[in-house]
Amino acid sequence: MPRVVSTVSVVSDSHVSNLGEGPYWHNDEKLLYYVDAFVGELHRLNPATGDDICLTLPNKVSIIIPYTGESGQFIVSSVNKLLKLDWTTGRTKDLATVSPHLNGRERFNDAKCDPKGRIFIGTILGGDGSDKPVVEGGSLYKLEGSEMIKVTTGFTITNGMAWSNDPEAKKFYLNDSEGRKVYVFDYDIENGTLSNKTVLIDCDNHPDFVPDEYPDGMAIDRFGFLWIAMWNGRRVIRVNPETARIVDQVVFSRVQIPSSVAFGEFNGKFGLYVTTATTGISPEKIQDDGKIHHITIHGGEIRGFDPSAI
């Protein structure tokens with residue numbers, strides 16, 4: 001397997017995120033959509049010009065994913081609600097609510113769509129009167145009609161996800177950031193169900209990982225390798241899921257918190273867009289934190305899965 005040769009570039013200085021997350025490369029539009037989660041902002045970045053257009057919702061957001069075949073229509077999250085957003089008008093329509101009886105204590109986090117277009121989204125459960133997550137209180141849901149169906153549970157911060165690249169998408173990968181674990185499941189693509197929950201990587205007991213870095217957003221390449229943004233770790237890693245070992249990494253010299261990744265083009269070159277964050281970093285220590293970056297691949301061909309909403 002060829003090692004990846006890459007360069008890291010700042011894509012735009014037009015916005016510095018508190019918590020950049022949920023990157024989605026729209027290949028037809030050649031635009032990057034992402035969120036600044038804690039301030040409720042939805043962003044549309046044109047990498048060619050650096051223009052960054054923002055819509056703001058009243059509460060925390062975590063995802064923005066386009067509907068296939070519906071120009072300007074997106075599925076977005078707002079705390080514990082999934083919404084359909086019209087980008088042009090800024091109007092939203094409620095689609096579904098998770099655990100309404102908890103009044104927003106259980107809130108949405110990262111999401112992806114499977115190869116059939118079903119959207120899966122993780123949650124974080126906050127404690128009474130506190131945003132501190134309840135240990136193993138989060139779950140993974142899928143949207144069916146107007147209902148949120150719980151698929152699996154027992155995660156503290158349910159985060160990055162990916163499906164294997166075989167035609168049947170037989171494996172599903174999921175990160176629990178706070179738990180510092182990467183899980184693998186068997187996946188039934190016909191029914192959209194998971195089974196055989198297994199710990200693939202436990203960062204607390206693994207020679208490739210150091211303390212105080214946490215697996216966050218994730219994508220999968222054409223070889224079936226997992227690319228994971230390591231929160232607070234200054235790196236994006238490439239993992240072989242067959243061996244559960246890191247086979248490559250991209251280290252950021254001027255970023256402390258890479259948060260998520262999405263495959264896409266910049267200046268005609270394919271690679272990975274990387275969202276980053278400034279939350280928790282002292283102002284005097286901020287360098288290129290909070291900006292959108294691109295890892296441009298020069299060697300070791302990769303291709304990613306292009307998710308889309310139902």
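Okay, one definition before anything else: when I say polar contact, I mean a pair of N or O atoms within 3.5 Å, and within protein one of them must be able to donate a hydrogen and the other to accept it. With that in hand, look at Asn 109: its side chain and that of Asn 159 are joined by a polar contact of 3.4 Å. Keep in mind that this is a predicted model.

Let me stay with Asn 109 for a moment. You'll find it in strand S10, which covers residues 106-113. Is Asn 109 buried or exposed? Its relative accessibility is 14%, and the limit for buried is under 20%, so Asn 109 counts as buried. Its side chain has another polar neighbour too: one of its polar atoms sits 2.9 Å from the backbone oxygen of Thr 158. If you skip the neighbours within four places in sequence, the contacts of Asn 109 include Ser 62, Ile 63, Ile 121, Gly 122 and Ile 157.

Now Phe 108, also placed in strand S10. Phe 108 comes out at 2% relative accessibility, so it counts as buried. Again leaving out neighbours within four places, Phe 108 touches Ser 77, Val 79, Leu 82, Val 98 and Met 148, among others. Ser 62, Ile 121, Gly 122 and Thr 123 are on the contact list of Phe 108, and they are on the list for Asn 109 as well. For a sense of distance, Phe 108 and Ser 9 are 99 residues apart in sequence, and their C-alpha atoms are 30 Å apart in space.

Over to one of the sheets. Strands S2, S3, S4 and S5 line up in that order as an open sheet, with antiparallel pairing. S2 (20-26) and S5 (52-56) are the edge strands, each with a single partner, so one side of each has no neighbour in the sheet. On average, neighbouring strands here are turned by 20 degrees against each other, ignoring direction. How many bridges join S2 to S3? Five, with S3 being residues 31-36 and the two strands running antiparallel. As an example, Gly 20 stands opposite Asp 36 in S3.

Last, the whole protein. We have 24 strands and zero helices. The C-alpha trace spans about 50 × 45 × 40 Å along its principal axes, and 57% of the residues count as buried.

Terms used. Residues numbered from 1 in each chain as written. Predicted model: local features only at pLDDT ≥ 70, side-chain atom pairs only at ≥ 80, totals over all residues. Heavy atoms only, no water. Pairing = 2+ DSSP bridges. Helix = DSSP H or I, 4+ residues; strand = E, 2+ residues; numbered from the N terminus. Axes fitted to C-alpha atoms, helices over the stretch in contact; angles between N-to-C directions. Buried < 20%, exposed > 50% of the residue type's maximum accessible area, 1.4 Å probe, protein only. Contact = heavy atoms within 4.5 Å.
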